[in-house]
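Please walk through this structure with me.

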Amino acid sequence: PQPTYLKDYVPYPFEVERLDLEFDLEPHHTRVLSRARYKRKEHVDVEEPLRLNGAGQTLLSLSLDGTPLTALDYRCQDSGLVLPNVPNAFELTVVTEIDPEANKALEGLYLSSGNFCTQCEAQGFRRITYFPDRPDVMTRYTTTIRADKQRFPVLLSNGNLVEQCDLDDGRHLTRWEDPFFKPSYLFALVAGDLVCQEDAFTTMSGREVLLQIYVEARNADKCDHAMLSLKKAMAWDEQRFGFEYDLDRFMIVAVDDFNMGAMENKGLNVFNSKYVLARPETATDDDFLNIESVVGHEYFHNWTGNRITCRDWFQLSLKEGLTVFRDQEFSADMNSAAVKRIEEVRILQSHQFAEDSGPMAHPVRPESYVEINNFYTMTVYSKGAELIRMMQTLLGRDGFMAGIRLYVQRHDGQAVTTDDFVAAMEDASGVDLDQFRRWYSQAGTPVIHVEQHYDGERQQLTLDVTQSCPATPGQPDKQPFHIPLRLALLGPDGTPQPLHLVNESGQQGAEELVLSVTAARQKFCFEQVGEGCVVSLLRDFSAPVKLTMNTSRDELAFLMAHDNDAFNRWNASQRLAGGLLLDLVDRVRKGQKLILEPMFVEAFRTSLLDEQTDPSLLALALALPLESFLAEQMEEIDPQAIFTAREFVRHEVAVQLKDDFLTVYRRCADSGPYEVTPQAVGQRRLKNLCLGYLAALAPQDNMIWQMILEQFSTGRNMTDVSAALGLLADHDNRDSRHALDTFYATWKEDPLVVEKWLGIQARSRREDCLEQVERLMGTPAFNLHNPNKVRSLIGVFCQGNSVRFHAADGSGYDFLRRQVALIDPFNPQIAARLVAPLLRWPRYDDTRSALMKQALEQLQAKTTLSADLYEMVSKGLD
Ligand code: DPP
Ligand code: ZN
């Protein structure tokens, strides 16, 4: 497979004036007729042929302006059709046949639970018909669907329903017209036996929009939360961004077999059922919050992605980074902004930073790809969102909103680039973002080091700031980034001090400043700084960088207790705990005795007993740093030592603070009806955090073990029940087996709950975890063709159970290699995602890295790798 390069971009030589699609749906033999009007663009050579993408279909007929074409008039290749001699303007009719039933790649048109659905992003439309399947070709679509009325009573596509009637032979028809120009990746079709929950939303200009959520009948009672989330999202987007919905109806369809989370097709979003269906008995607090955020995300794409789309797939972050930023702001406004911010950063630091330091490291705007599906990454999404956030920080909220308005005014209806977005921000605000653009083109996580010097006599504090960025594939040297560094100085009692920056004409005396770090080395000097001030840096995580600083443990403890920036309080707790844990990891490796510093236990106790702070914030501060976060900071990762050190701390804290944990656990006990309010969610988080620590004492401590069993059997919501089951499943005894069996017997008809049951067992600390995972693969609970099941069993074991996956004998690697090889032939996207953990081999000890590399080499030696897997494996071995 050959890479595609950004530098090779050329506009499509033809305009498409309209596209009419007709579908005759049959599971094995679906006939697709497409009629498109093409017009050669001005100044395009008359010799320029018409090139259409297409794959995985049978061409039945082709005609130009009504005249059938013969094999002499076109070339049919693996990747599509080429028509060498076409007039300047013409209508092309293509009839093809496809087999949705056999489509297990879940790209294009396929069946899920017997219902037809589509997934066209990024390049699935070419599996439906021959067409210029690229985002810069936008046109108006009409879609006619014919199918058996009894089996497929619901027939949906994008836009407005313009015709509906019954046909002969028990078939029926619907016709949909989408008045908006759109690229092919936003096309959608759904046909099936579905029920629908309806509601309505009145937009800010007073238009009534019909809202519909379509699900299988058995899920009819699980749509309320998604509907509520949708209405909140629509109102929020009007208030915050001035974006109003533009069609008469907005539809969401939930399907069980889906490669991604959800898809923003114009007016007809198709969702992984995981991000739609919820009621308290089946879904956890996190599920409820994720649904709100994903429903928001896909809805927000209507303006950032659909009305204004990407010129080419290198610009993916234009829509994804921006839309993730928008959904983050939405969730922050609906819930707790600080909690949301901490959760985002936690994921970024442990997963995106890892990606950015590995063989798949790529800029937010990549320069080349073999398979675009491999670039739906944390970097494009989460780091991309951080870039938008930094622009808001640098421009201020008003400047940023002016930029958004200019962007829409200039580009509505167009397919554009990330550069166009930055230019709109620049032009609207007058802020120079020239150097800032490097964030889009340079990969890698910048490292900022700050040395602080205090001169008591002059009352001056100097910050000596240096930045650097490690080499990444294809980019050995980096230019300095433009980094917004938000800071405050806290007095000895924690109050922010007025800031006086030397040689600065701007605003003096503010309590918080954003420094623009632009050079490789830069000094900032503050005057009138009293004795005993502590610097609070990178507040609210103002840039996606790794910050190191000569901060003492006492200063960290001070920030943890007093910083008025909630993110930085959490960050201080993580730096403190992280430092301690890494010391312990080191002692484990050297075979030394482990001791937990009393000051850590005391700081922990103080937080635990704090009744003023938001319990969600406490739970986040008291959670030990993630294994992946610790791993990221080690030169050579030792998963076993990390596990041992974390378990030691967990156990030690539980022993010393048992009574405190019990007190807080009881104080947070479930009362009243289930609600997803920040307060109620926080109580459950803190309660289950306490139970998690206490569980370190069980099952030896029978009182604790009985408490866990009690929560499992009497819990009235999935949050509490699954938390308890997860703790039971760490052990192999009669109680835990009984709990797992009961849970399965109760929920075996509900795939989303079965996924939790699989995930819990894949995450188990049991030493024979892999054996259990392999056993579960052979049961009816599992299905290799369903991406959610694959992710919750194989994915969780390989990415969420580091110590067992990295078993020193290589059994985990061999397991992953076998599964990837099995899945790749029918679902390359999922196979390529699954293989990622093996690519990190250079970071492990010699034994492990040799075994991981060997697994990759065995995959590479296969003759028939998909382009997706080929790209991952070959980059991993480069
Ligand atoms: N559906 C995916 C998302 O919204 C890809 N566009 O992120
Ligand atoms: Zn998206």
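The largest nonpolar core has 251 residues. A nonpolar core here is a set of buried Ala, Val, Leu, Ile, Met, Phe, Trp, Tyr and Cys residues joined through C-beta atoms within 7 Å. Buried means 20 or more other C-beta atoms within 10 Å of a residue's own; exposed means 12 or fewer, partly exposed lies in between, and C-beta atoms are placed from the backbone. Val 190, Val 253, Val 270, Val 276, Ile 708, Val 835 and Leu 869 touch the most other members. Helix α5 (residues 378-411) supplies the largest share of this core, with 12 residues. In soluble globular proteins, nonpolar side chains tend to be buried together.

This is a predicted model: local features need pLDDT of at least 70, side-chain atom pairs count only at pLDDT 80 or more, and totals for chains, interfaces and linings use all residues. Residues are numbered from 1 along each chain as its sequence is written, while chains are lettered from A and ligands numbered from 1 in the order in which they are written.

Leaving aside neighbours within four places in sequence, Val 835 is in contact with Val 820, Leu 869, Met 872 and Val 873. Contact means that the C-beta atoms, placed from the backbone, lie within 7 Å.

Now a sheet. Three strands form an open, antiparallel sheet in the order β4-β8-β7. Helices (H or I, at least four residues) and strands (E, at least two) are DSSP runs, numbered from the N terminus. Two strands pair if DSSP finds at least two bridges between them. β4 (50-53) and β7 (75-77) are the edge strands, each pairing on one side only. β7 and β8 (residues 80-83) pair over three bridges. Gln 77 stands opposite Gly 80 in β8.

Two cis peptide bonds deserve a look. One joins Glu 121 and Ala 122, with omega about 0 degrees. Ala 122 is in the loop between β11 (115-119) and β12 (139-148). Another runs from Ala 698 to Pro 699, with omega near 0 degrees. Pro 699 is in the loop between α14 (678-694) and α15 (702-714).

Finish between β30 (534-537) and β31 (546-549), in the loop that holds Leu 538. Leu 538 is not a glycine, yet its phi is positive, about 55 degrees. Asp 540 lies in the loop between β30 and β31, and its phi is near 55 degrees. Are these residues buried or partly exposed? Leu 538 is buried, because 22 other C-beta atoms lie within 10 Å. Asp 540 has 18 C-beta neighbours inside 10 Å, so it counts as partly exposed.

Technical notes:
Contact = placed C-beta atoms within 7 Å.
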